[in-house]
Amino acid sequence: MNKKFITSDWKFTGVVYDQKKAMHRCDLCKGKNLRYQYEIVSSLGEVKRVGSSCILKFQVKFSFPNSDFLITEQDKRKYLHRIAKRLTDRENFKLATQSLEKLIQADDKIEDDFPLKQYRKKQKLGPKFLNFLFWRFKANNIQIERNWFNLDLSTKKRKEEFYDLLDFQALGLAKCNGFQSSVMEEYIKHNKAKQENA
Ligand SMILES: [Zn+2]
């Protein structure tokens, strides 16, 4: 820890960098393997990028757009978490829509830009449709990460679509954003019941 560092001189600017890979450093403690870096600025205008534990540990002041008030440690954590998540969500949405654009170009089985329109509109897709798209990504050799995509399990109908999937399909969708482990527990129960009735 740098002893000369006077925390009261520094403020959090509200800017967070999502470096995608957890291999970046904190300017204060030299801690490694950070994915998110939080920007702080001194009263002299010096800028540093620090990790989430330093920004809390050093009690850097938080300045919100219109105010500068005291908030609890817990509020700070929540706030940092929320902006980091918002960044990740935004980036994932971009990657998901870009890969859908590629797929629509490449795939003969997809006749128009319906998947892209749908994803832009709802920002999530049901199990059946998403499973179909994952199959087509694979068939067209388009590299994706499943966690770029938001899975819609918000209604009974969507959950039931999930229970109808095959094991490997269900496991594939479990990597999506928005997946709920309770739905997998139900899936297992449903499939057991199916086998017993067969
Ligand atoms: Zn640090």
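The dialogue below goes through the model feature by feature.

Q: How confident is the predictor in this protein, and where is confidence lowest and highest?
A: The model is predicted, so confidence comes before detail. Where pLDDT is low, the predicted coordinates should not be read in detail. Here the protein averages a pLDDT of 85, and 87% of the residues score at least 70. Confidence is lowest in strand 4 (residues 61-62), with a mean of 57, and highest in helix 4, at 97.

Q: How many helices and strands does the protein have, and what pattern do they follow?
A: There are seven helices and four strands. Along the sequence the pattern is β-β-β-α-β-α-α-α-α-α-α.

Q: Which strands pair, and in what sense?
A: Strand 1 (residues 10-18) runs antiparallel to strand 2, and six bridges join them. One of the residue pairs is Tyr17 with Gln37, the latter in strand 2. Strand 2 (residues 36-42) also pairs with strand 3 (residues 47-50), again in the antiparallel sense, over four bridges. There, Ile40 has Lys48 of strand 3 as its bridge partner.

Q: What lies between strand 2 and strand 3?
A: The two strands form a hairpin with four residues between them. Gly45, in the turn, has a positive phi of about 90°.

Q: Which residues other than glycine have a positive phi?
A: Most residues other than glycine have a negative phi, and most peptide bonds are trans. Exceptions here include Asn33, with a positive phi of about 60°, and Gln123, whose phi is near 60°. Asn33 sits in the loop between strand 1 and strand 2. Gln123 belongs to the loop between helix 3 (114-122) and helix 4.

Q: Are Asn33 and Gln123 exposed or partly exposed?
A: Count the C-beta atoms around each. Asn33 is exposed because 11 other C-beta atoms lie within 10 Å, and the limit for exposed is 12 or fewer. Gln123 has 15 within 10 Å, so it is partly exposed.

Q: Which residues of helix 4 are buried, and where do they fall around the axis?
A: Pro127, Leu130, Asn131, Leu133 and Phe137 are buried. Seen down the axis, the buried residues of helix 4 fall within an arc of 160°, so they line one face of the helix.

Q: Which residues have the most contacts inside the largest nonpolar core?
A: That core has 17 residues, and those with the most contacts inside it are Ala96, Leu130, Phe149, Leu151, Phe162, Leu173 and Cys176. Helix 2, helix 4 and helix 6 (167-173) are the elements that give two or more residues to this core. A second, separate core has eleven residues, among them Cys26, Leu34, Ile40 and Cys54.

Q: What is Leu130 in contact with, beyond its neighbours within four places in sequence?
A: Leu130 is in contact with Leu125, Phe149, Leu151, Leu173 and Cys176.

Q: What share of the protein counts as buried, and what share of the contacts is between residues 24 or more positions apart?
A: Of the 198 residues, 20% count as buried. Of the contacts with a separation of 6 or more, 59% are between residues 24 or more positions apart.

Q: Where are Ile83 and Lys189 placed, and are they exposed or partly exposed?
A: Ile83 is in helix 2 (residues 73-106). It is partly exposed, because 16 other C-beta atoms lie within 10 Å. Lys189 is in helix 7 (residues 181-197). With 11 C-beta neighbours inside 10 Å, Lys189 counts as exposed.

Definitions and conventions. Residues are numbered from 1 along each chain as its sequence is written. This is a predicted model: local features need pLDDT of at least 70, side-chain atom pairs count only at pLDDT 80 or more; totals for chains, interfaces and linings use all residues. The arc is that of the directions from the helix axis to the C-beta atoms. Two residues are in contact if their C-beta atoms, placed from the backbone, lie within 7 Å. Two strands pair if DSSP finds at least two bridges between them. A nonpolar core is a set of buried Ala, Val, Leu, Ile, Met, Phe, Trp, Tyr and Cys residues joined through C-beta atoms within 7 Å. pLDDT is the predictor's confidence in each residue, from 0 to 100.
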